[in-house]
Structures are given as structure tokens and as C-alpha cells.
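Here is a short tour to keep beside your viewer.

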Protein chains: 2
Amino acid sequence: MNNTPQIPDAAASHPAAQRWMVGSPPPRDRQVRFAEGGLFTFPQLRWAFSNIRQLMPTVNVWRGHGPLRPLPRADREDIDAIEFLPLGGTQPMRWDASLAANYTDGIVVLHRGRIVYERYPGVLQAHGQHIGWSVTKSLVATLAASLAADGLLDTSAPVTQYVPELAVSGWGNATVRQVLDMTTALQFSEEYVNPNAEVWTHARAGGIVPRPAGYDGIDGFCAYLQTVKSNGEHGRGFTYRTINTDVLGWIVRRITGLSLSEALSQRIWSQLGAEQDAYMTLDAEGTEFAGGGFNGALRDMARFGEMMRGEGWFNGRQVVPTAAIDDIRTGGDRAHFASAGYALLPGWSYRNMWWVTHNAHGAFMARGIHGQNVYVDPFAEMVIARFASHPMAASMHTDPTTLPAYHALARYLISAP
Amino acid sequence: MNNTPQIPDAAASHPAAQRWMVGSPPPRDRQVRFAEGGLFTFPQLRWAFSNIRQLMPTVNVWRGHGPLRPLPRADREDIDAIEFLPLGGTQPMRWDASLAANYTDGIVVLHRGRIVYERYPGVLQAHGQHIGWSVTKSLVATLAASLAADGLLDTSAPVTQYVPELAVSGWGNATVRQVLDMTTALQFSEEYVNPNAEVWTHARAGGIVPRPAGYDGIDGFCAYLQTVKSNGEHGRGFTYRTINTDVLGWIVRRITGLSLSEALSQRIWSQLGAEQDAYMTLDAEGTEFAGGGFNGALRDMARFGEMMRGEGWFNGRQVVPTAAIDDIRTGGDRAHFASAGYALLPGWSYRNMWWVTHNAHGAFMARGIHGQNVYVDPFAEMVIARFASHPMAASMHTDPTTLPAYHALARYLISAP
């Protein structure tokens, strides 16, 4: 007997099928509301992830006034029939079936800079923005790496050189490098399925989740970060903790004198010839959620990935210094990574808030909960940007039908006429 | 003895001088927060009006994927020295002094379609969006007029033909035309200085102002509108009531099957070659604030005004049918208008939610609280878009140093070499 409630599949949970926010006004029981937890409740989140700004305050990440950088098209229908073996599976799966398996909201594949595949199976539109969750981290760290390459950020410096307020916290004796590679030792659990995990305290402080009535807890990301304690010696192993990126965002603000959204616009988003503005969520103090609040259009995420594939060169300019990208692609300490115990990611490493596969293609990726990806395969000259709204947060639920699919597609594109 | 507290002038109340939201994070007493009423409190509102999306949920009004429609430049420094006599004043004022007098955040003047003047004296940037407040009404009604000209909306029909839910309300026996011209008779006071005025009940229902703890009042614009009662016979006189536009927004949604933001994008904003996306505020049900929630970039507001000046023709296309614009320019019933008692607007009328001067130049304008304007002077071939953050809501506080300034500038541009 199976007591697990049946989770609706991609078709059954599609916002159009569920009629979330349809009607003027939508019926009360078909409304997705932040105050009712709609942002983190399945299947409402299938609508919410494509409409974050309708649920909470946000700030613009301006695309700048430069011209759009076109992405030439070379669509290939044959991709749908590519087969791969899911991790841990015994039966091959077709590429097109993987989209539903992952509750894909949008996916675009670039090969040699041309769009070979683009689908929007969810409620997301091509010109709409979808939340990237922790893909945000890779963006913020790429920005930081760019500042470092320009001599504006010393990654070997103590965090407190830039943010003295963190002296009393677990970052009091950490370096920027340890933050960038998440080798800090901190009392902070990122276990989303545990309602007592610190990640939820952090979320309430930052206003990412609704607060209970009469809430008198910590208010604001910056205040929360100052309360985080160390739980050991930094630099001994990799442990994925969102709050490191919020510290990095604070550092970026201090260095640039800009808000994080302004800095991201100036150094990255306005340099890509993006089609759309992006945006970030923020707390009540105006501090952006550096660990996960970035929302962008899918093709613009692909442009960002293509810039990474081009070692920082894109849109007729060096957007990020090549040395910064090479450092990411070389990867981090694989022994450090192994200690974190990601069974589905053997031999990988984590560097500058990017996930590095160390596979034969030299692929590396940005990863966010519920299936958000920017995947760069330099050998196959391929970039994949995907947004999804999988019922489960942890990537272990999407990786099995994602990582082998991406690699199969890469091999296909290399060999296909 | 004068008990009125001194209101800081434009320089003293400038957000940079006040240091609102400066720092990472800003000091607690320099934070502008929605929950603390920052949106309607002076001088915080001087920052808030240029940053609405950071304070509350919003929805995008997409500029579309068409190319930007350039506005050629022909800047004229001589405009600053133009003099005019403020309404009720005895001493002439210079144009440049009028900017500070009105707490101007941004102003752009087009003459024959070219930018002759552009300033951003507040915290607004050229690519940023500022709230238009009731300028929104003119946008929504122009959209409705466009739908009517295309045969999709019958302005002589009863409101209930489109929104049956309003049968029990004061609009139960009103026509769309009465809504468009605000000749409905309703129990609703728009007196912002009176905290018991219905406009605040409406605002709480729509989430425009913070709700008291334990609020169990009406939730949502649509629910509120159904509670509004008639207070007499429709069609007898003009009374300015924001809620008429919220009804009109509801009608537009029902006709188009789109959200108001989508309909505005499709029919107007995406047709103007706008530089930036615009956005609207919305309530917890996802219903946009049709009466005042539109935020746009200043030059795009000028493009909209230029389209109105061109009788609907702009950016190489007929954006709005000429008949719809001509109907607005012809104006409404001046006797109806006179009954409303606007001492500073003698001889004016109100038509399709535009204010028509009936002056020698045939000027007409969109007007929002705290100094928001789109002013179209067909005879002088002039369009002015202005955003402001005046301490007082009512236009009677900005009109004296605005209306004669605009007219003096019009006469100057006609005569100047």
C-alpha cells in the first residue's frame, strides 16, 4: 500500500490546466498568493515561478540601451528523438519526454551560438522572466570574479575587509575565496524539506516566505547574516550554503557603491545585448536576494551561458575577463566536493559558485532548485538554459533525467550532420 | 503665529539630500517601507514614486519586440528663462524655477516631435519608471476608446453587459459612456486629506496602502467595486472618482480576455517603439490598479503624448483610430464639468478620462496626483510629459505653477526662431 499522495504530472499540473490566476478576477481557490505560501507550494509554484514580480517587490536589472544581440536560428526537430539513459534507470528516455519529466517551463539550446531548440511547455513566455533561484549565485559570483580580475576585489582578503559588520559572525575569520567556493564552516542547514532548517529563518528574514502573524524575528538579509555562527574550521570542505552568496552580494555592494541589481546590470546584463530586462527580489531594506532572487528571460540566460562558453567574449566585447572564466572552468578542489556527498555528481567540483563536471567535454553549470540550469559544454560548443517548476526543490530529483540528456544532446550535436 | 510645520522644499527634500535608501543596508531611519506608509508620506514619497516596484508587487507592461522609435533631439537652453505668471500670483516665475516649485522628478518637452527640453531633477533616471497615478486613467480610457473604435466595445451599452457582477452596485444602471466621462453618481469621496474618505477603503482593498493588523475588510478591487452604491442619477454632472477607471479596467479584461497590463501592451505600449517596459501595481488577486497604478519611463510617456498629438498616428502606424482621439480632443460637456467646481480649470471639460482645456491651442492633458502630467498642445505642436513628487496630492497645488508655464512655453515655441 502506498500512502504517498500522487503528485500531478507536468500535464496535470500545468497552470492552464489548473487554471491558476485565470479570470477577472480568478476564483478565490485558483488564486496564487504570496501570503498563503503560493511561491513554495506545488502546483501553484508552476505559475508563481514565471510571475514572481506579481507576488512580491522586485528591482529591475536593466538591459541597458545597447542594441539587442540576435541569436541566429537553426532549429532542429530531430533533437526530440534523442535517447538517453536516466541516471539509475534501466529504460532509455526520449529527449522530448525529459521535458515533462522535469516539469520544464522553458528550454533553449544553443549550438555554435545558434538556437537549435527552444520550447516553452509551461506558462512562461519567451519575453517573460522566470526565477533562476541559485542560478543567481553563478551570476553574482561571475560578477565578483570580474571585479577581482579588474583588481577591485581581493579574493584572498578577509570578508571583514569589505564588510566589517560580519566580524562577530561565522565569516569573521573567513576569506572571500572561501565564500566564493563555499568552504566556509557555518551553522546553517539548507535542507528545504526540514521546516526547522536555518534556510527558512533566512527566508523569513529576507521576506522570501510569508511571516507568521506578529512576527518579531530577524528583519533583513544583512541582519540575519550577522547572526550566523561558525561550526568548525573554514577551508576544509565544500558545503553548499546560500548565505555565502548573500555575503558576496554585500561585498559587491560595498566595492561598487551600487546596489547588486545595478552592478549586475552595469557589468553583465547590459553587456549581453539582452532582449529583456531582468529583475531581482529584495527584502524590506532594499537588499536583493543574492543567493536566489534573479529572474530573467530564457534566451538572455542562454546569452549569459554563451558568454561563459566564449571565455567572457560575447556581443563584440570582453564582458568578463578570460582569466575569470578559465578559473571557473578549471574547477575547484574535487576532494572538498566529494566530502559533500552528492551521489549523482561524482568527480565534480565547485568553483566561484559554478558546478564543474570535470567530464570529457569540460562542462560546467549553474544550478537552481526545482530544475533551473545554465549548462555550458565547451567541447560540444553547446549551451543549454532551462527553467522548470519541478515539485521537489533538490536537484537530485531533476538530475537523473537532465544530466544524461544534456550529455547525449552534446554528443549528438558533435556527430550530427 | 504659524502652526503649519515647514514643508521641505525640492532641494531639502531631494532623496539624495535626505539619503533615503542609501547604504548597504540603509540605516533603519532612512528606509522607505511600504508597511510604514512610505508610499504616501512626504518626503519619503520623493524616493518611492521612482521606485514603486521595490515596495509592492507589480506586473510588466511589455514594450514588445519592435525597434525603439527614436526621439530626435533639438535641445534649447533658452527655455529655462521663459517667464510666466503663476495662477493667482503677482510676480512672474521663470520656467526653471517652476521645476523646483513642483518638486519635479522628470520633465521632457517635445516640439514637432523633437526633444527640446529634458531634465531629471529628482531621483528618477531616464531609463527608470515613475508612477503616473491618474495618468493611468487616460491610458486605460484611450485603450478603451481604441476598442470602441474597432467595434469591440459599445460605449452606449450598460456596464453590466460586460460585468454582470456590478448589477447590484451603483453601476447597475450606468452606461460605459457615463463611466468613461465620470458622470456616474456614486457614494465615493476622493478627498485624500480625509482619512475616512472611501478612497482609502478602496486603497486598502487593493493593497495600495498598508492594512492594519488583523485587517478583515474588503479584499481586492473587484470585491470593493461591487459594494459601491449610487448616490443619485447618473449622467447629470462630472465627479472625479478613481473607481470608474477600475470598472473600465474590468470591462477591458472581459472584452479582451487579457489582463489589463497585457491589453495595454498589445494595443498601445508595444506600438510606440517605447524605450522601456512599463509596469502596473496590482492587488492580491492579480487585478491591476486601473485607476492609478501605471509606471512608465518619462520619454515613453512623451511618445504616448506624441501619438495623441498625431491623432493616433505614431511610429509609422495608426496606433489608435483617429476618431477616438478626435472625440477626446473635442471634449466633454462643459456644463457638467463646471458643476464639479474646479476653480483653476474654468471652461474645461472631461472626456474619456482626459482633461480638455478648450483653450485657443486645443490643449488636453492626463493628470495624476502629486504632479503627474501628459500635456498635449496640438496648435503649438508641443507635448510635455512630467513626473513629480509634490508634497500635496491635489493638482490645485501644482496647477498654479504648471498650467501657465506650459502655455507660456507653447507660445514661446510657436514664436521662437
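Chain A holds an open sheet of 4 strands in the order β1-β7-β8-β6, with antiparallel pairing; here strands pair if DSSP finds at least two bridges between them. β1 (58-61) and β6 (130-131) of chain A stand at the edges with a single partner strand each, so one side of each has no neighbour in the sheet. Strands (E, at least two residues) and helices (H or I, at least four residues) are DSSP runs, numbered from the N terminus. This is a predicted model, in which local features need pLDDT of at least 70 and side-chain atom pairs count only at pLDDT 80 or more, while totals for chains, interfaces and linings use all residues. Residues are numbered from 1 along each chain as its sequence is written, and chains are lettered from A and ligands numbered from 1 in the order in which they are written.

**Strand pairs in chain A**

- Within the sheet, β7 (residues 278-281) and β8 (residues 294-296) of chain A run antiparallel and are joined by 2 bridges.
- A:Y279 has A:N295 as its bridge partner in β8(A).
- Another antiparallel pair is formed by β4 (residues 104-111) and β5 (residues 114-119) of chain A, over 5 bridges.
- In β5(A), A:R114 is the bridge partner of A:H111.
- The hairpin of β4(A) and β5(A) has 2 residues between the strands, and A:R112 takes a positive phi near 50 degrees there.
- As background, side chains in a regular strand alternate between the two faces of the sheet.

**The sheet in chain B**

- Chain B has an open sheet of 4 strands too, ordered β1-β7-β8-β6 with antiparallel pairing.
- Its edge strands are β1 and β6 (130-131) of chain B, each of which pairs on one side only.
- Strands β7 (residues 278-281) and β8 (residues 294-296) of chain B pair in the antiparallel sense over 2 bridges, and B:M280 has B:F294 as its bridge partner in β8(B).
- Helix α9 (residues 260-267) of chain B lies across β1 and β7 of chain B and runs at about 15 degrees to β1(B).

- Two packed helices are described by the angle between their axes and the distance between the axes.
- Axes are lines fitted to C-alpha atoms, for helices over the stretch in contact, and angles run from 0 to 180 degrees between N-to-C directions.
- α4(A) packs against helix α8 (residues 243-256) of chain A at an angle of about 40 degrees, with the axes 10 Å apart.
- That makes α4(A) oblique to α8(A); angles under 35 degrees count as roughly parallel, over 145 as roughly antiparallel, 65 to 115 as roughly perpendicular and the rest as oblique.
- The crossing of α4(A) and α8(A) is left-handed, meaning that the near helix is turned anticlockwise from the far one by less than a right angle, whereas clockwise counts as right-handed.
- From α4(A), residues including A:V140, A:L143 and A:L147 take part in this contact, and α8(A) contributes residues including A:L248, A:V252 and A:I255.
- The contact of α4(A) with α8(A) divides into 8 nonpolar, 2 polar and 1 charged residues; Ala, Val, Leu, Ile, Met, Phe, Trp, Tyr, Cys and Pro count as nonpolar, Asp, Glu, Lys and Arg as charged, and the others, Gly among them, as polar.
- Helices α4 (residues 135-149) and α11 (residues 322-330) of chain A pack at about 130 degrees, with their axes 8 Å apart, and are therefore oblique to each other.
- The crossing of α4(A) and α11(A) is right-handed.
- Here A:A145, A:S146, A:A148 and A:A149 in α4(A) meet A:A323, A:A324, A:D327 and A:I328 in α11(A).

**How the two chains meet**

**Backbone details in chain A**

- The peptide bond from A:S24 to A:P25 is cis, with omega near -5 degrees.
- The bond from A:F42 to A:P43 is also a cis peptide bond, with omega near 5 degrees.

Key
Contact = placed C-beta atoms within 7 Å.
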